[in-house]
Amino acid sequence: MATKTPFEGNTKERRREAVKEKLQFSELTLRHRIGVYAIVLLGLFPVFLTPLELDAFRPVLFFMMFAMSWDVVSGYTGQLSFGHAFFFAIGGYGSAVVTTQHGLPVIVGIVLATVVAALGGLLIGIPALRLEGPYLSLVTLIAPLLLYQTFILFSENLPLFAPQGLGGTGGLPTQPPQIVGFAQDALVTVSGNMSWALGRYYTAFAAFLIVLSVCYAVTRSSAGTVFTAIREDENAVRSSGLNPAKFKIFAFVLAGAVGGFAGAMFVHAGGFPNTENLLGPGRIDLSIQVIIMAIIGGMGTIVGAVAGALLFALTTEVVNALTFTIPLLGIEFAALDPLPTFLLAMLVLVYLPDGVVPEAIRRGRRMRARYRGEEVPEPEPTGGNSPVQSTIQKYREEINDIIGRDNQ
Amino acid sequence: MVLDTILSATFISALYAVIAIGFTLIFGVGGILNFAHGGFITLGAFSAYIASGYFGLPIFVGLLAGTLVGAAVGGATYMGVIRYVRTRPVTILILTFVIGFFMMYFVRVFGREILKIDPLNIPVDPVIGSSSFGNDVFIFATSWLLIGALFYFVNYTRTGRAIIAVSMSDKGASLVGIDSERINLITWVLAGAFAGYAGVLLAGSLGGGSWLMSIEPPAPLVLSFAIVILGGLGSIKGSVVGAYIIGFFETFTVTFAPGGSQLAGISSLVLLLVFLLVKPEGLFGREAAE
Amino acid sequence: MSTDSGRAEVENRSYGPDDGILVANDLRKEFGGLVAVDDLSFAVQEGEILGFIGPNGAGKSTTFNSVTGTYPPTDGTVYFKGEDVTGIPAHEMVKKGMARTFQEFAPLEDRTVVKNIELALAPDELFTLAGVGGESEALATEIAKRVGLGDVLDQTPSELPHAGMLKLELGRAIATQPDVMLVDEPFAGLSGKEVQELSEVMESLRQHGMTLIVVDHNMRGLLNLIDRAFVIQFGSKIAEGDPDEIKNDPKVQEAYLGGDEI
């Protein structure tokens, strides 16, 4: 070895110390502290909200998890997945089938479903090694469509795996056992609507915390650095002695596992396993919504996915609350749902391509600097690429390769 | 039986080719994968319903309406949105998805709330109502007429050759004085018109349209993607060949495979997946130089 | 190995696995029908700085792309530290201790100079706490300082001047902790002073035990740096020896006739 590490002594010890230090609240930067407050606030929602409102908000927690799952692979490595609901559906249907048709306990169902969804990630991740941008988009796009057809094809009976069938378009025949519920088969049996609603909410919240921690830990570790380097330039990764294939597959497997876990938790926390909930009413629109959420919030940040899901849900909520009648058409504004939300998403995509969170951090830094009388940082780090920009560059090069254009 | 199947595969494949060609054109010229293509198809069928089903005009007028609306939304999508984000392919990709779904949901909301019809079953008549064979022949003949006309237009007219030039290099084309903005607009209008036209015929031969028709079997949106990949992204000739491969494969599996009718919409996807993994550059793809 | 042996011997000589730290034997690379590297054999000795010279289009880059695993050679064998490493992928080559810089390098534009170097220190492992304690950042900083980027640690690559980019590329390669480093055209477009600076960095790397191969299309700037050189043309070796011998070799002079200055 030509170069020596400048450190001697026990590196393991120092790493442990460093992790501890990073977890000290008082050491956190402002934006991290805001993040922690926001999570605490989410956890305290049951204090301010009625059980009905809690139930309405619960799906948003799952949207957040789904969006994080997308961000891990697509936001970080730049491998765009257009059918991400594939993983949610595998997780949700998987755990539901395991628990209702094979009589296995809920925990086993969740673990199995997570593993199967991770395998689904492998299934998509391997073609991703050979296929470039648009081709990969197609593979990811048809995955949930094939799954949908599978549900119809085996609606009555899928030998061995689902003896009672996958239920076709209407969803599975029975609601799987709950983690917290009234029925005997629930993990925690409660009585009273209030405690039931609380139970469902906190189940979802716990799942959210798990998904957030996993995604956060991986993307902030050195694997996360490699993910973003893959998005930038795979050759640089290779010449640094790192195997891009390994990390790409890992990203897909992780996204699959996380998405599948969230899908499984969804059906055991009050969600019904049907295609409308797990693939979207238009079969692939949940996949598209998840992308919109992650991009609105800010790709390649994990936190952005969470914020984006919240914004998306808020918009939908506002649209649904507007019950005035539109003059010429004679229908309520709310009946237009989801058109206004989609329209807003288009505007954000065109005018705020980097997303809300990075923009907010940038503005926040400038404001704080001004407030403290320090030198105001540059509005744009000159020349630095944002995640969206580098994903775009990668995609453009791949497309130009394929159609043989010579625009450099 | 076999002869019938060959015949019906020959007819339906021509329609598939028309469905896919617009998608090919936009990819070839602008390098854009236009997922709003499904929206164009759906709006085309919906317009035909409004003209003929709602206003009671002959279905020929409906076919014309579908084609014109397709052309109009194609042009509007380019002028209103795509033009402004042309340098950001990923944004475009996601935007076209959102736009496509916007159009689909528009059909759903408009159909359900205002016209009070079932958005999953929008009645659109076949153009030749008296015999399904006659209708198939009509589809086949006009599809080939359109494909031929497009082929002539692209290869033998000034504007067509400008399209080819832009598809090879924006910069090169602008150097010789071609207005690539105009060429792109023409492409989008053409693609929209083809999609709208195909949407009307498809809905007619399936016995009705639906807000989800672009992703329900035979899933024309996915089909176009599949056909274009089989034929090599960006080649008109390739798309026609791809359409015939997919059309034949699909018709034959549906007719002859056990439980075949259940496989409608799946078989071509599976074929495509296998193909993608074995030969990702397509049948007529331009090979990347090493 | 005698350096003043006849040319016929130079061309036909083949090497065994242990004749050097890096050995190529009858290396051949064809693209379609085009022969880019024509049964080339060479051996690199541990601890030397070797010049690898040839006119533009002589097959230098192809040779090293085949050796470092960018693509497998059509034929022939590559030995590294006595081990047959023919055709193994680029990232594995790096792990074995062979680094290279690229002539057309692309630094990661989304991060700072020090983070660029830090990537090369990341372990090829999925689950790891490495880097959390800050030691890889400290090491990356150290490397950056050593290649002369101490003042620009927190700039993004696009803010660097051309020489800075070359240094960054060198730093990134060093960070993989190689035993052999291949440096592709390090002096292109540099001023005399910058050439001097970089040469010193490379010399000090050699002092630390690294073997260096410097690829260039002429020997400008290399004379004081290299111990020995190969010259190739049309994918074959045409001369081998110390810098003076090379300069006076008639075949080399012919190869460069009317073109670049050797």
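Chain B of this predicted model contains 11 helices and zero strands, where helices (H or I, at least four residues) and strands (E, at least two) are DSSP runs numbered from the N terminus. Along the sequence, its pattern reads α-α-α-α-α-α-α-α-α-α-α. Residues are numbered from 1 along each chain as its sequence is written, and chains are lettered from A in the order in which they are written. Because the model is predicted, local features need pLDDT of at least 70 and side-chain atom pairs count only at pLDDT 80 or more, while totals for chains, interfaces and linings use all residues.

**Overall form of chain B**

- Along the principal axes, the C-alpha atoms of chain B fill a box of roughly 55 × 45 × 35 Å.
- Of the 290 residues of chain B, 57% count as buried (20 or more other C-beta atoms within 10 Å of the residue's own; exposed means 12 or fewer, partly exposed in between, with C-beta atoms placed from the backbone).
- Among contacts in chain B with a separation of 6 or more, 74% join residues 24 or more positions apart; a contact requires C-beta atoms, placed from the backbone, to lie within 7 Å.

**Helices H10 and H11 of chain B**

- The axes of H10(B) (residues 236–256) and H11(B) (residues 267–278) come within 9 Å and cross at roughly 130 degrees; axes are lines fitted to C-alpha atoms, for helices over the stretch in contact, and angles run from 0 to 180 degrees between N-to-C directions.
- H10(B) is therefore oblique to H11(B), since angles under 35 degrees count as roughly parallel, over 145 as roughly antiparallel, 65 to 115 as roughly perpendicular and the rest as oblique.
- H10(B) contributes Ile246(B), Phe249(B), Glu250(B) and Thr253(B) to the contact, and H11(B) contributes Ser267(B), Ser268(B) and Leu271(B).

**Ser131 of chain B**

- Ser131(B) lies in the loop between helix H4 (89–114) and helix H5 (132–156) of chain B.
- Ser131(B) counts as exposed because it has 11 C-beta neighbours inside 10 Å.
- The C-alpha atoms of Ser131(B) and Arg108(B) are separated by 30 Å, and the two residues are 23 residues apart along the chain.

**Chain A**

- Chain A has 16 helices and two strands.
- Of its 408 residues, 50% count as buried.

Key. Contact = placed C-beta atoms within 7 Å.
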